[in-house]
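Colleague: Before we look at any single contact, could you take me through how you would read a model of this kind, one feature at a time?

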Amino acid sequence: MKRSRRVLNRRIRFSCIISSDWFTMNGKAIFQLSFHAFAAVMYFCALVRYEYLPPMPHKREIEHFAGRLKYLTYWNLIVHFLYFAFSCVIDVMKSSSKYSKLTRARDNLYAGIVVPYGIFVVFMFWGIYSLDRELIFPTALDAIFPSWLNHVSHTVILPVLLIETYIIKHRQPSLLDALKYAAVFGLAYLLWVLFLALVMDIWIYPVLQNLDWPGRCVFIVMCIAWQAVLCYVGEKINYCIWGECIFHKIKSK
């Protein structure tokens, strides 16, 4: 009975926190929550739509292995959906004692993964696309991918990130810490790409398949260097909008 009462009391306290937050929200907070909810729903719809795409026009049966999970675009969409869903939770828990810890985790994710990889996907995709679309998004995929899904995956990400940076004051971790988060995420994906290539004989992207090994190494090193630059760029964009306060502890707004 005592344990049941403790559980009930915790649920009541949690409900009170949520309710009080909802009733004390000002216009800015409501806009932030609405924006986060919109972004989370948009990315969730994109992820669901991927599940209903026709089979990719691969030349070999083994290339269907792991499906969309082979691609950085899909990893990026998952990260952005989780980030904005997590932001929604934070938006309605500002009275919670765990608020500062949650915002710190959110801001580290933002600076180390969400921003650099979001920008990377947009510029890498459209950069290669402008040179030779067959190396990144072959013409055959036009019949499979809805136009809106392609733009949610490779275009909309950038303006959404800029709006997020403008409306939310993110505490900026040190550049070294941001690079550590980016490195862990990037290393995980690089190992996945190499596993598919060396063990499964699947080159995910035509651009990698068309290069020899020295060219692939140069390409990978350039991508790693670009991630470091994008972590720095993300920090500077945040600083230009919010100033020095991003390097200090941020209180609930």
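Modeller: What follows takes the features in turn, from the annotated segments to the side-chain contacts and the surface.

Colleague: What kind of model is this, and where does UniProt place the feature "transmembrane region"?

Modeller: This is a predicted model, and the positions come from an unreviewed UniProt entry, which places "transmembrane region" at residues 33-52, 72-93, 109-128, 148-169, 181-207 and 213-233. Over residues 33-52 the chain is 95% helix and 0% strand, with the end C-alpha atoms 29 Å apart, while residues 213-233 are 100% helix and 0% strand, with their end C-alpha atoms 30 Å apart.

Colleague: How many salt bridges does the structure hold, and which residue forms a salt bridge with Glu51?

Modeller: A salt bridge is called when a side-chain nitrogen of Lys or Arg lies within 4 Å of a carboxyl oxygen of Asp or Glu, and the structure holds five of them. Glu51 is paired with Arg68, the closest N and O atoms being 3.4 Å apart. This pair links distant parts of the chain, with Glu51 in helix 2 and Arg68 in the loop between helix 2 and helix 3, 17 residues apart. Glu51 is partly exposed, because its relative accessible area is 45%, and Arg68 likewise counts as partly exposed at 26%.

Colleague: Which residue forms a salt bridge with Asp201, and where do the two partners lie?

Modeller: The partner of Asp201 is Arg60, with 3.2 Å between the closest N and O atoms. Asp201 has a relative accessible area of 43% and is partly exposed, as is Arg60 with 32%. A further salt bridge joins the side chains of Arg133 and Asp142, at 2.9 Å from N to O; here Arg133 is buried, with a relative accessible area of 18%, whereas Asp142 counts as partly exposed at 42%. Through salt bridges that share partners, Arg60, Glu63 and Asp201 are joined into one network.

Colleague: How should I read the backbone of Asp201, and what is phi of Ala66?

Modeller: Most residues other than glycine have a negative phi. Asp201, however, has a positive phi, near 60°. Ala66 also has a positive phi, of about 70°, although it is not a glycine. Ala66 is found in the loop between helix 2 (27-51) and helix 3 (72-91), and at 28% relative accessibility Ala66 counts as partly exposed.

Colleague: Which charged residues lie over the rings of Tyr74 and Trp213?

Modeller: Arg68, the salt-bridge partner of Glu51, lies over the face of Tyr74 at 5.9 Å from the ring centre. Over the ring of Trp213 sits the charged end of Arg216, 5.0 Å from its centre.

Colleague: Which residues make the nonpolar surface patch, and is Leu198 buried or exposed?

Modeller: The patch, of about 560 Å², is made by Ile62, Phe65, Phe195, Leu198, Val199 and Trp213. Leu198 has its place in helix 7 (residues 175-198), and Leu198 counts as exposed because its relative accessibility is 57%.

Definitions and conventions:
Residues numbered from 1 in each chain as written. Predicted model: local features only at pLDDT ≥ 70, side-chain atom pairs only at ≥ 80, totals over all residues. Heavy atoms only, no water. Patch = residues over 30% accessible without salt bridge, like charges linked within 9 Å, V, L, I, M, F, W, Y side chains within 5 Å. Areas by Shrake-Rupley, 256 points an atom, 1.4 Å probe, with all protein chains shown as cover. Helix = DSSP H or I, 4+ residues; strand = E, 2+ residues; numbered from the N terminus. Buried < 20%, exposed > 50% of the residue type's maximum accessible area, 1.4 Å probe, protein only. UniProt positions renumbered as here; feature names shortened; annotations may be inferred. Lys NZ or Arg CZ within 6 Å of the ring centre and 35° of its normal.
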